[in-house]
Amino acid sequence: RYSREAAGAMTEEARRFVRDLAWSDRSFMDLFTDPHGYMTSDLAAIYNAPAPEIENSRVAFPAASGRAGLLGQALFLASTTKPDDTSPTARVLFVREQLLCQHVPPPPPGVDTNLPVLSESKPLTNKQRLAAHLSNASCAGCPTLIAPIGFGFEKFDAIGSRRETARLVFASRKGNAAPTTVELPLETQGYVAGLPDSRFETPAELGAILARSPVCQDCIVRQLFRYTLGRME
């Protein structure tokens, strides 16, 4: 379902969304809470929603999708992943650095950042693979700062489609035999370390947390200043 047309529609959706907030004189915190997107037939397939009668029209996200604001849109979800899998850390870095204006330091020298290799005998979700870093004392507070937010996005795959399980495919070692598919349940409880009452399981819930957070509100003003004047504050 991912294509050049779908990628273009993702970008256009975000532009129309922000443009509407600006020119309709709405609160910029609607950036995180508005449950609407601007869908094409390509995006509707990704969102598991009916195709719109008019391309790029404003359409409500499906009620059970857990989507709202920019964080629920395919552009954010697809641009913060690996080519064939989700990336909890990439999604978290965007939230921390772009929406909370917090600098996330790189891992200390010598820390192995590679995740455990997946195998058919020991299939793991991304949360289980990242658990190795959570228990790594040499990384100090890095996992607490990064990992918990990303888990709340795990029900959205590498192109932003909602999924209920993690689907792992292992190539067969027996010639032309069919590959083996393993589906694992997802644990999607996340929280924003440093913000009170910040537990969430969907982009819509995280959006509501960010919208009411003074830290996020201050950061959005900073980002607008930086963009408009072309320099840091």
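Predicted model: local features only at pLDDT ≥ 70, side-chain atom pairs only at ≥ 80, totals over all residues.
Trainee: Why is Ser-87 called buried?

Mentor: The cut-off for buried is under 20% relative accessible area. Ser-87 has 8% relative accessibility, so Ser-87 counts as buried.

Trainee: Where does Ser-87 lie, and which residues does Ser-87 touch?

Mentor: Ser-87 sits in the loop between helix H4 (74-79) and helix H5 (88-99). Leaving out residues up to four places away in sequence, Ser-87 touches Thr-80, Thr-81 and Lys-82. A touch here needs heavy atoms within 4.5 Å.

Trainee: How far apart are Ser-87 and Asn-126 in space?

Mentor: Their C-alpha atoms are 8.1 Å apart. In sequence, 39 residues separate the two.

Trainee: Why is Gly-150 called buried?

Mentor: Its relative accessibility is 0%, and therefore Gly-150 counts as buried. The limit is under 20%.

Trainee: Which element holds Gly-150, and what does Gly-150 touch?

Mentor: Gly-150 belongs to helix H7. With residues up to four places away in sequence set aside, Gly-150 touches Pro-88 and Val-92. Phe-225 is 75 residues from Gly-150 along the chain, and the C-alpha atoms of the two are separated by 27 Å.

Trainee: Where in the protein chain is confidence lowest, and where highest?

Mentor: Helix H7 (residues 142-151) is lowest, at a mean pLDDT of 70. Helix H8 (residues 203-211) is highest, at 97. For the whole protein chain the mean is 88, and 92% of residues reach 70 or more.

Trainee: Why does the radius of gyration of the protein chain agree with a compact globule?

Mentor: For 233 residues, a compact globule would have a value near 17 Å. The protein chain has 19 Å, which agrees. Along its principal axes, the C-alpha trace spans about 60 × 45 × 30 Å.

Trainee: How many helices and strands are there, and what percentage of residues count as buried?

Mentor: The protein chain has nine helices and six strands. Of its 233 residues, 43% count as buried.

Trainee: What percentage of contacts join residues at least 24 apart?

Mentor: The figure is 59%, among contacts between residues at least 6 apart in sequence.

Terms used. Residues numbered from 1 in each chain as written. Heavy atoms only, no water. Helix = DSSP H or I, 4+ residues; strand = E, 2+ residues; numbered from the N terminus. Rg over C-alpha atoms; globule rule 2.2 N^0.38 Å. Buried < 20%, exposed > 50% of the residue type's maximum accessible area, 1.4 Å probe, protein only. pLDDT = per-residue confidence, 0-100.
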